[in-house]
Every structure is written in structure tokens, then in C-alpha cells.
Amino acid sequence: MIYKLELPLPPSANRYWRHVPVPHKKGVVVVKISEEGRKYAELVARAVVDSGIKTITGAIALKGIWYCPDMRRRDIDNIRKPLYDACTKAGLWEDDSMIIYDPILKKLAPDGEEGKVVLTITQVASAILRKAGAWSK
């Protein structure tokens, strides 16, 4: 099966999580999803429900196009984890460890358009699954 999904541009990984010190425990820090990250996860959950896509099981291959709203320098690695975690939380797929292929192309969005990510998701029938995640043959 092949699915296509358009999602809003996620916040950078640098803004998706927050490291919060635990009061009364010197040196202990908890990593939490930031308010911006929680709002993004809600937008993704809504988009997944609206798409009608049921939870994808098994190994998957992704092809993404990241439409940037401007020419600022952006690191592709900072988009992957927040995007994949939000998709997992939304129930798009069982877990992002099931992704065995994930090229992302970075493009400039057309004038006046906001940033977005367009994912093409393909279930990979030839993959075998192992406890640690998906592995291709």
C-alpha cells in the first residue's frame, strides 16, 4: 500500500524537547516535549485522523519533501525525529523503528506559502521484522 500525507512543518528538534531539572534532585534532568512540540503533535494527530489512514504495520519506506518557507539554513536531521515521533504518537505507524528508508528532499516553498512536509509512505512487503525494529533482507 502507498499513502500520501501532507503535514505542517515541525519545530526543530532543538525546540521540540525541553530538559527540565528535577527539583530537590541535584543533577537529575527529565526530557519533556515542549509546549510547541505538543501543539505540533496535536496538528499531526488531526491530519492523520482526517486522512483516514489506519495505523500502518510492518516495515515502511518514506519519501519526504520538506518545503521550507524561506532560505534560512536548516538541518534535515532536526526535522526527522520530531516529525517521526509525532507520527508515531498520532498512530500513523506502530513505531518509527519500522522505517527502513527515509530520504528527505529540501525545497523552497512557493512564494507566500508556509512550510510543510509531504510524506509518501510505502509498506514494504519484502522486509523481515526483528524485535529491535525493521530490517530489509
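User: In which loop is the place of G112?
Analyst: This is a predicted model, in which local features need pLDDT of at least 70, side-chain atom pairs count only at pLDDT 80 or more, and totals for chains, interfaces and linings use all residues. Residues are numbered from 1 along each chain as its sequence is written, and side-chain values use heavy atoms, with hydrogens and water left out. Helices (H or I, at least four residues) and strands (E, at least two) are DSSP runs, numbered from the N terminus. On that numbering, G112 belongs to the loop between strand 6 (104–108) and strand 7.

User: Does G112 count as buried or exposed?
Analyst: Buried means under 20% relative accessible area, exposed over 50%, and partly exposed in between, with a 1.4 Å probe and protein chains only. The relative accessibility of G112 is 84%, so this residue counts as exposed.

User: How many Å apart in space are G112 and C68, C-alpha to C-alpha?
Analyst: In sequence, G112 and C68 are separated by 44 residues. In space, their C-alpha to C-alpha separation is 11 Å.

User: What is the phi of H24?
Analyst: H24 lies in the loop between strand 2 (17–21) and strand 3 (29–33), and it is exposed at 86% relative accessible area. Most residues other than glycine have a negative phi. H24 is not a glycine, yet its phi is positive, at about 70°.

User: How far apart in space are K26 and A109?
Analyst: K26 is also placed in the loop between strand 2 and strand 3, and its relative accessible area of 87% makes it exposed. K26 and A109 are 83 residues apart in sequence, and their C-alpha to C-alpha distance is 46 Å.

User: Which residue has the backbone oxygen that the side chain of R80 reaches?
Analyst: R80 is in helix 3 and is buried, with a relative accessible area of 19%. Leaving aside neighbours within four places in sequence, R80 is in contact (heavy atoms within 4.5 Å) with D102, P103 and I104. A polar contact is a pair of N or O atoms within 3.5 Å; within protein, one must be able to donate a hydrogen and the other to accept it, and residues adjacent in sequence count only if both atoms are side-chain atoms. At 2.7 Å, the R80 side chain reaches the backbone oxygen of D102.

User: What pattern does the protein follow along the sequence?
Analyst: The secondary structure consists of three helices and nine strands. Of the contacts with a separation of 6 or more, 78% join residues 24 or more positions apart. Read along the sequence, the pattern is β-α-β-β-α-β-α-β-β-β-β-β.
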